[in-house]
Amino acid sequence: MSFLHLAVLSPLLLAIIIPFIHTYFKNIHTGWFLLPLPAVLFVYFLKFIGTTGSGGTVMETMPWISSLGIDFTLKVDGLGLLFALLITGIGALVVLYSIYYLNPNKEKLNTFYVFLLLFMGAMLGVVLSDNLIVLYAFWELTSFSSFLLIGFWNQRERSRYGAQKSMLITVFGGLAMLGGILMLSIITGTFSISETIQMSSQVKNHPLFTMTLILFLLGAFTKSAQFPFHIWLPDAMEAPTPVSAYLHSATMVKAGIYLVARMTPVFADSATWVWLVTGAGVITLFWGSFSAVKQTDLKAILAFSTVSQLGMIMSLLGAGAAALHYGTINDGYYLVAVTAAVFHLINHATFKGSLFMVTGIIDHETGTRDIRKLGGLMNFMPITFTLAIIGTFSMAGIPPFNGFLSKEMFFTGMLRLAEMDSFHMDTWGLLFPIIAWTASVFTFIYSMMYVFKTFTGKHHPEKLKKKPHEAPIGMLISPIILASLVILFGIFPNLLSDTILSPAMEAIMPSLLENGDGFNVHISFWHGPTLELLMTFAVITIGIVLYKFLPKWAGIYRLFPDRLALNHLYDRGLKAIHLVAKKITKSYMTGFIRSYLVYIFSFFILILTFTLLYKNAFAFDVSNTAPVHIMEIVLMLIIAVSSITILFAKSRLTSIILLGAVGYTVALFFVIFRAPDLALTQLVIETVSVALFLLAFYHLPKIRPEERIRFKAANALISIGVGAVVTMIALSAHSNKMFRSISEFYVENTYKKAGGENMVNVILVDFRGFDTMFEITVLGIAALGIFAMIKLRLTRGKDLDENK
Amino acid sequence: MKTNDIILQTVTKFTLFVIILFSIHLFFAGHYHPGGGFIGGLMTSGAIVLLLLAFDIKTVKTILPVDYIKLVAIGLLFAIGTGTGALFFDLPFLTHAFTYVDLPLLGKTSLHTAVLFDTGVFLVVIGVTMTIIQTIGESE
């Protein structure tokens with residue numbers, strides 16, 4: 001286990017300790033104990049820039065399930081490092097912000113921070129592991145922690161709805177991805193990502209290629225909220241605002257983008273990839289920005305904006321894949337899209353992170369996030385206003401902020417994609433820049449809405465729950481840091497180009513580089529009067545005009561019928577699934593144990609008879625049997641007589657006593673066959689269960705004479721069948737001796753290896769200790785189950801009111 | 001349940017300790033003679049059940065104020081803890097060790113980590129049996 005492993009797992013380890021810290025240091029906000037970890041990790045990961053900047057990577061392996069090719073291998077390259085820095089850097093800021101946002105007296109801080117740490121560790125695992133199965137495990141852990149965090153305020157109905165929705169959609173994608181991973185391993189024979197990348201030509205020519213690609217993209221698209229799977233992200237905004245800033249804008253939703261970037265060397269050189277990734281990206285970009293304009297909740301605007309921006313990064317990665325097709329650096333003609341993707345990834349994290357924090361401040365200080373109630377906050381919260389201006393202007397693509405630079409590069413990328421002469425781009429390619437431009441106009445409009453409807457205009461104090469005032473300094477630090485970065489990266493973009501951007505691009509497009517080469521990334525502020533600049537001007541002018549006349553054309557949002565909306569489909573689908581499942585379940589779950597026994601035993605008879613016949617396994621051999629003594633015959637008769645008498649017993653007490661008689665007689669059999677352990681166990685079990693029966697007796701209804709169980713032919717057939725099958729198997733098992741019995745091993749080794757003389761017990765605690773461990777665990781679960789069913793049962797006719 | 005069973009109650013008071021002593025004997029003898037944690041645990045539960053039959057649940061609760069669900073948890077901790085212990089010696093999970101030592105009075109005695117594991121089994125079995133019997137007996 002290397003230090004790198006420890007770094008990745010450290011959030012998970014801290015998560016174990018946090019509840020104890022929370023209990024013992026009640027007076028100090030638990031967040032303070034958390035804060036050092038992401039900060040230290042951020043510094044730790046910063047040290048890797050030296051290595052990745054010169055084209056190197058760091059790889060550490062910890063053997064896990066080596067026999068299946070699954071090792072806990074971590075690899076730090078440019079791409080992984082970029083994400084690791086985002087996770088730890090934004091993580092530290094979010095934790096700091098949350099300390100002031102969450103009230104320690106009202107919220108369950110220990111669970112909140114445990115979930116947050118769970119997520120942090122999982123996310124680091126996703127972006128740094130080099131093994132696909134390990135990546136998948138961490139990937140699902142991020143979905144899981146996101147589910148827990150969205151549902152953090154689980155007393156709210158909307159939170160639970162949002163949590164379930166995100167879980168269902170992302171886990172569906174995750175499972176699809178698992179399918180993709182398995183197919184990929186069938187093609188390449190390895191789970192290692194680095195080895196898979198080296199075999200990319202082999203992957204490309206395999207018949208499973210397209211299927212694998214689609215499954216991987218399903219995973220990426222659901223996670224990164226791409227159209228039509230984006231519907232979970234707006235509902236995920238029910239989470240506390242620090243969580244929205246961290247998971248649902250800066251890090252987790254970018255896991256899909258990470259996956260697409262990571263898999264680019266494997267899949268990207270194909271028309272399917274370019275069209276699917278770019279197409280889904282551009283549609284998401286447009287749909288997200290279009291839908292954002294009609295929102296009235298500040299967080300909903302940001303949610304749709306995030307959807308739209310994720311689409312933009314996705315489409316850039318798709319467009320950049322064209323560079324792979326031509327196989328040369330080619331003056332960075334197509335590569336500009338990849339640069340833009342990586343650059344915008346960072347920019348988006350900075351401006352959207354700060355905007356989410358600003359929204360949290362507004363919510364915290366005024367008690368609402370509804371833009372219809374807000375207005376004129378500029379005078380009350382000057383610092384927050386400034387932060388909002390920086391964030392939104394960057395989002396809208398206005399100079400001199402970093403969003404302007406990446407938006408320009410985005411236009412360049414889309415224009416160049418349209419000019420491409422392969423993958424049928426010459427016919428439909430022109431659509432890409434057009435949609436991209438339209439979406440940017442809407443982006444401009446909602447950005448303006450966000451800042452001007454909240455901070456300018458008339459102040460309505462009567463609509464607000466609290467008297468607005470500036471936020472405490474602790475809440476402002478994190479957004480101020482992020483906003484400063486927005487300006488810093490805007491004015492000095494080349495701070496990033498050699499340290500972060502170019503190493504990340506090397507990881508996305510390794511095949512384009514000769515040995516020792518690096519991409520030469522240079523982002524310049526002024527390109528001269530290009531078409532891109534013109535497009536930006538058009539966005540700003542048309543955006544201002546449309547924003548002014550927003551009420552005049554807002555009617556188009558009503559044209560789109562609600563019934564066709566994806567959310568409606570999702571809700572209806574979920575309801576239908578529930579109904580159908582309920583019907584199917586109700587049709588066979590009768591609530592009577594006798595029905596279930598009929599199912600179990602019928603299946604038992606069918607499957608075992610089939611196997612016996614199919615394998616031709618029935619055998620009857622009496623050559624190696626001991627003589628039957630009179631004692632055994634007597635015991636046999638007792639068992640037979642008592643079991644048959646049970647059928648005709650008139651009272652329950654008689655049945656229980658007869659059943660006990662059968663049990664004790666079996667114990668006698670064990671005595672005769674010299675199995676004292678079994679005999680003892682059987683005796684005690686029999687005693688205890690008779691006592692249990694007597695206790696349960698009290699709860700059973702009286703048998704009324706008219707309710708005597710009638711004779712049923714089918715049940716008789718089944719019971720005779722079970723008896724016959726068991727007898728046949730017992731006879732065959734005795735008569736077929738295909739291999740040496742394992743008992744000889746135990747006879748030889750009980751004393752030698754385990755230092756015991758009682759073979760049964762040595763097997764129980766030593767040779768098959770694992771079995772015993774799990775058996776007692778199952779026993780424990782059963783006890784808890786019975787306890788829960790009896791102590792916590794609902795009163796009949798009264799449903800548990802979940803909303804209380 | 002009736003509580004005026006003088007004969008049963010008197011007999012129980014004596015036999016209870018005999019049964020429990022026997023069950024402890026069974027538990028420790030397990031590695032060499034018939035017995036072990038499972039049977040020992042069951043036998044102890046049997047003794048407590050006898051107590052339950054002779055007296056009633058409330059009385060038994062005051063005599064033995066044990067939270068049986070916690071007993072299950074402690075037992076599981078014993079079993080899993082013994083297994084994990086092997087990891088610290090760079091051995092596979094659940095590897096047992098034993099040695100022989102000379103103790104005063106007892107003479108040559110073997111010491112097994114398996115006994116710790118079996119303690120877990122012993123406690124879980126008592127806990128589970130008694131949880132089930134107590135919850136069913138207490139309801140309504």
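Trainee: How are α21(A) and α24(A) oriented to each other?
Mentor: This is a predicted model. Helix α21 (residues 431-455) and helix α24 (residues 531-548), both of chain A, pack at an angle of about 50°. Angles under 35 degrees count as roughly parallel and 65 to 115 as roughly perpendicular, so α21(A) and α24(A) are oblique to each other.

Trainee: How far apart are the axes of those two helices of chain A, α21 and α24?
Mentor: The axes are 9 Å apart.

Trainee: Is the crossing of α21(A) and α24(A) left-handed or right-handed?
Mentor: Right-handed.

Trainee: Which residues meet there, between α21(A) and α24(A)?
Mentor: From α21(A), the residues are Trp437(A), Ser440(A), Val441(A), Phe444(A), Ile445(A) and Met448(A). On the α24(A) side they meet Met535(A), Val539(A), Ile540(A), Ile542(A), Gly543(A), Leu546(A) and Tyr547(A). By class, this contact has eleven nonpolar and two polar residues, with no charged ones.

Trainee: Switching to chain B. What does its secondary structure come to?
Mentor: Chain B has five helices and two strands. Read from the N terminus, the order is α-α-α-α-β-β-α.

Trainee: And what does the C-alpha trace of chain B span?
Mentor: About 55 × 35 × 20 Å along its principal axes. Chain B has 140 residues, of which 40% count as buried.

Trainee: How much of the contacts in chain B comes from residues 24 or more positions apart?
Mentor: Such pairs account for 67% of the contacts with a separation of 6 or more.

Trainee: Which residues of chain B does UniProt list as "transmembrane region"?
Mentor: An unreviewed UniProt entry lists residues 12-32, 38-56, 68-89 and 109-133 of chain B under that name. In the model, residues 12-32 of chain B are 86% helix and 0% strand, and the end C-alpha atoms lie 30 Å apart. For residues 68-89 of chain B, the span is 95% helix and 0% strand, with 33 Å between the end C-alpha atoms.

Trainee: Last topic. How many residues of chain B are in contact with chain A?
Mentor: 44 residues of chain B, against 38 residues of chain A. On the chain B side, α2 (37-54), α4 (68-88), β2 (107-112) and α5 (113-138) each supply at least two residues.

Trainee: Which of those gives the largest share of the side of chain B that touches chain A?
Mentor: α5(B), with 15 residues. By class, that side of chain B divides into 23 nonpolar, 19 polar and two charged residues.

Notes. Residues numbered from 1 in each chain as written. Chains lettered and ligands numbered in written order. Predicted model: local features only at pLDDT ≥ 70, side-chain atom pairs only at ≥ 80, totals over all residues. Axes fitted to C-alpha atoms, helices over the stretch in contact; angles between N-to-C directions. Helix = DSSP H or I, 4+ residues; strand = E, 2+ residues; numbered from the N terminus. Parallel < 35°, antiparallel > 145°, perpendicular 65-115°, else oblique. Left-handed = near helix turned anticlockwise from the far one by under 90°. Contact = placed C-beta atoms within 7 Å. Nonpolar A, V, L, I, M, F, W, Y, C, P; charged D, E, K, R; others polar. UniProt positions renumbered as here; feature names shortened; annotations may be inferred. Buried ≥ 20, exposed ≤ 12 C-beta atoms within 10 Å, placed from the backbone.
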